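Take a walk through this model, from its overall make-up to a few local details. Keep the sequence beside you.

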Amino acid sequence: MHVATPHTARRRWLPPLLAIVFIIIWIFPVYWMFVAATGTRETQFSPRPALIPKSLSWRNFHTALVSDSFGIYLRNSLIVTVTAVLIAIVLAFLACAALTLSQFRAKGAMMGVVMMLQMIPGIAILIPQFIVFNRFGLLDTYTGLILAYVASVLPVAIWNMHGFFLAMPPALFESARVDGANEWQILMHITFPIALPGVISTSVLAFIHSWNDYLIAYTFMKDPGKYTLPVWLASFATPTGIDAGAQMAASLLFSLPVIVFFMLVQRGLMKGSVEGSVK
């Protein structure tokens, strides 16, 4: 019979305790955003703000939702982000398939280039991108912003997805070729189902990266009607002051599409993991 010692009990309770502490630290800023969004101007700038509000006010959410530019910027963000993510994921999937399933000498060099590209800060190439896009007439267009986002997330998407492709057994593809499957059939019916968890997780990273971007959207888009939501969030800070409550309410609304997107793909991620392991 195993007798629990103090050391064993400590090891049993330490991981859940650390997890609870981590969750509290992670979720507290979100909770404080909600407190600021549902508070009044007096409570927001109080010397001793209450940790638990006595009353909730939804005026700030109403201010953000009835804004004329909210619907326009939401539409712009959805169009640009979803299109950029789809293009980047398709290109990354095809690139990883070529780098993994094909045999050629420059594979290592190409992955080295991909690694170097993802290490370059985005702000370092912002001015060269601006000059090139201006020469081709792509500034202040959805096409230009989508291409900028694709160029920004593609190296990270390739590098992240490549690890899932490396875990695939080469014998699986050889047996498929022996059975008469062509490269396209192998790609769509064997490679894609196995790589589905990598595709979904990479799409989440690409979506968050593109959705949160402020610098590229503000630099490349000059028409206020084509701004995205991050630029809209900055509009709450004016030379006369900051409407902190409305900005926090807008920030919570800004975070909802990311949460919804993750909840939609989470089931596919778990399903893909199980199916990929079985296959």
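This is a predicted model: local features need pLDDT of at least 70, side-chain atom pairs count only at pLDDT 80 or more; totals for chains, interfaces and linings use all residues.

Residues are numbered from 1 along each chain as its sequence is written, and side-chain values use heavy atoms, with hydrogens and water left out.

The protein chain holds 12 helices and 2 strands. Helices (H or I, at least four residues) and strands (E, at least two) are DSSP runs, numbered from the N terminus. Read from that end, the order is α-α-α-α-α-α-α-α-α-α-α-β-β-α. The chain has 279 residues, and 34% of them count as buried. Buried means under 20% relative accessible area, exposed over 50%, and partly exposed in between (1.4 Å probe, protein chains only).

Turn to helix α9, residues 183–211. Where does α9 bend? The bend is at L196, by about 55°, and a proline, P197, follows within four residues. The angle is taken between axes fitted to the seven residues ending there and the seven starting there.

Two polar contacts belong here. The term covers a pair of N or O atoms within 3.5 Å; within protein, one must be able to donate a hydrogen and the other to accept it, and residues adjacent in sequence count only if both atoms are side-chain atoms. At the start of α9, a side-chain oxygen of N182 comes within 3.2 Å of the backbone nitrogen of W184. T202 also lies in α9. T202 is buried, at 2% relative accessibility. Its side chain contacts that of N160 at 2.6 Å.

Next come the charges. A salt bridge is a side-chain nitrogen of Lys or Arg within 4 Å of a carboxyl oxygen of Asp or Glu. The count is 2. R177 pairs with E174 at 3.3 Å and with E183 at 2.9 Å. E174 and R177 are about one helical turn apart, because 3 residues separate them in helix α8 (residues 170–178). E174 is partly exposed at 47%, as is R177 at 28%.

L14, L17, L18, V21 and I25 make a nonpolar patch of about 470 Å². Patches are made of residues with over 30% relative accessible area and no salt bridge; like charges are joined within 9 Å, nonpolar side chains (Val, Leu, Ile, Met, Phe, Trp, Tyr) within 5 Å. V21 sits in helix α1, residues 6–37. V21 counts as partly exposed because its relative accessibility is 40%.

Terms used
The expected span of a helix is 1.5 Å times one less than its number of residues. Accessible areas come from the Shrake-Rupley method with a 1.4 Å probe; for residues, only the protein chains shown count as cover.
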